[in-house]
Amino acid sequence: MNIASRGATMAVDWEQRIDFARLRTQRLEKARESLRDSSLGAVLLFDQNNIRYVSSTHIGEWARDKSARCLLLPREGDPVLWDFGSAAKHHQLYAPWLPESSWQAGVTSIRGAMPRETGVPDALAGRIHRELAERGLSGEPLGIDLTDMETLYSLQRQGIETADAQPVMMRARAIKTEDEIALLEHAAAIVDGVYDEIYRMLRPGIREHEIVARAMQMLFELGSEQVEAINAVSGDRCNPHPHVFADRLLRPGDQAFFDVIHSFMGYRTCYYRTFNVGGVTQSQLDAYKQCREWLDTAIELVRPGMTTDQIASIWPTAEELGFPDEQACFGLQFGHGLGVGLYEAPMISRVHSLDHPIEIEEGMVFALETYCAASDGVSAARIEEEVVVTATGHRVITRFPAEELLVCGKTYVRGADLLDREASIV
């Protein structure tokens with residue numbers, strides 16, 4: 001059954017849709033399996049994406065950059081989440097998928113805001129040490145995904161050997177379940193609607209940040225729980241790509257591209273589209289066609305058994321793009337996994353994939369994005385599609401039209417190739 005095609009997430013009694021109980025169970029078991037396949041006795045998670053993946057809890061976006069909560073996942077047994085104050089009690093009441101003992105109040109150093117002299121880092125390390133000892137894991141390495149130095153030092157004072165937990169979690173998160181794919185597709189569907197609104201808004205006289213404001217408003221209206229970023233880049237800001245919006249006023253003939261990065265129930269999008277405002281030049285059209293060709297060639301290679309170096313190799317070199325080396329143009333021709341994090345496995349670039357390829361597997365979901373500067377030295381095209389790897393190939397889940405360059409706003413006729421109407425397709 002393809003639950004993604006249902007197009008709805010609200011539970012009803014008359015149709016099977018996303019099964020959140022199954023989602024929680026499968027994610028936790030995948031993390032446990034990955035941990036068992038490692039040399040670690042347990043992992044200590046501060047990354048909010050990892051915590052949500054394992055525990056199916058979150059307490060808002062304010063927690064993302066504070067390291068104010070952490071979760072211990074042992075090789076065997078239930079995880080323990082030390083949460084921010086009363087959030088632990090809330091989870092005891094409303095998160096019955098793990099025992100109440102999994103939800104405990106605890107205080108971290110909050111990225112060093114409460115340093116060693118407060119006693120807080122050592123108190124947390126003591127709790128972790130006791131949990132490990134009770135499970136017979138005192139002598140086993142403890143993986144950590146990210147933390148502040150004071151917390152790391154406090155664990156070392158407890159005699160705990162630390163290691164890297166992120167490879168364990170990246171392996172667990174790489175292959176998506178049926179429900180994860182459905183959530184990723186719904187997140188993309190929300191952006192489909194936002195791009196229709198952007199398409200209608202684009203005209204001379206509107207500013208980049210106004211488009212961003214309306215896009216954010218619509219994202220939240222449609223159910224987004226977090227907007228990580230919206231790029232809005234137009235006119236002479238297109239080249240080089242600044243990766244941020246500004247207050248620039250759009251003008252007739254501008255090329256403009258956008259990226260919508262948001263989260264729906266924890267699952268993210270990375271979704272670029274390019275438009276022209278009020279008219280188009282041949283150099284802009286050529287750039288778009290080349291950008292689309294690079295992207296389509298990459299998408300056609302996506303299938304199980306293919307490797308990431310084969311995709312990266314078809315993209316132009318840094319020198320061909322006018323850059324001194326691959327790091328200088330990193331991210332312009334790019335691929336990255338999508339899930340509860342914006343960047344997951346597989347990552348695809350000429351910086352690393354040619355020498356360190358990864359095999360593409362069924363169930364992976366990733367975004368492919370390309371960029372092409374126009375010969376006018378100012379404009380540029382940027383397009384991105386999100387792709388699910390299927391048993392026989394791939395499926396694109398980003399649906400707002402991008403096969404051809406869309407021209408928005410009042411069109412200023414420059415020959416027979418443009419139509420005099422409010423929005424034309426070139």
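Visitor: Hi! Which residues does isoleucine 198 touch, not counting those up to four places away in sequence?
Guide: In this predicted model, isoleucine 198 touches Ile211, Ala215, Phe258 and Phe275.

Visitor: And which residues touch the most other members of the largest nonpolar core?
Guide: Ile198 is one of them, along with Tyr195, Leu202, Phe258 and Phe275, in a core of 65 residues. Helix α7, residues 178-201, gives the most to this core, with 13 residues. Another core, of 29 residues, lies apart from it and includes Leu285 and Ile311.

Visitor: Switching to charges: how many salt bridges does a search of the whole structure find?
Guide: The search finds 34. One of them joins arginine 22 and glutamate 178, whose closest N and O atoms are 3.7 Å apart. That pair links helix α1 with helix α7, across 156 residues of the chain.

Visitor: Is arginine 22 buried or partly exposed?
Guide: Arginine 22 is partly exposed because its relative accessibility is 27%, and buried would need under 20%. Glutamate 178, at 33%, is partly exposed as well.

Visitor: What about glutamate 344, which residue does it pair with?
Guide: Glutamate 344 forms a salt bridge with arginine 173, with 2.7 Å between the closest N and O atoms. Glutamate 344 is in strand β12 and arginine 173 in helix α6, so the bridge ties together parts 171 residues apart in sequence. Glutamate 344 is buried, at 2%, and arginine 173 is buried too, at 3%.

Visitor: Last one: which residues are linked in a network of salt bridges?
Guide: Glu29, Arg32, Arg36, Glu76 and Asp78 are linked that way.

Note on methods: Residues are numbered from 1 along each chain as its sequence is written. This is a predicted model: local features need pLDDT of at least 70, side-chain atom pairs count only at pLDDT 80 or more; totals for chains, interfaces and linings use all residues. Side-chain values use heavy atoms; hydrogens and water are left out. A nonpolar core is a set of buried Ala, Val, Leu, Ile, Met, Phe, Trp, Tyr and Cys residues joined through side-chain atoms within 4.5 Å. Buried means under 20% relative accessible area, exposed over 50%, partly exposed in between (1.4 Å probe, protein chains only). Helices (H or I, at least four residues) and strands (E, at least two) are DSSP runs, numbered from the N terminus. Contact means heavy atoms within 4.5 Å. A salt bridge is a side-chain nitrogen of Lys or Arg within 4 Å of a carboxyl oxygen of Asp or Glu.
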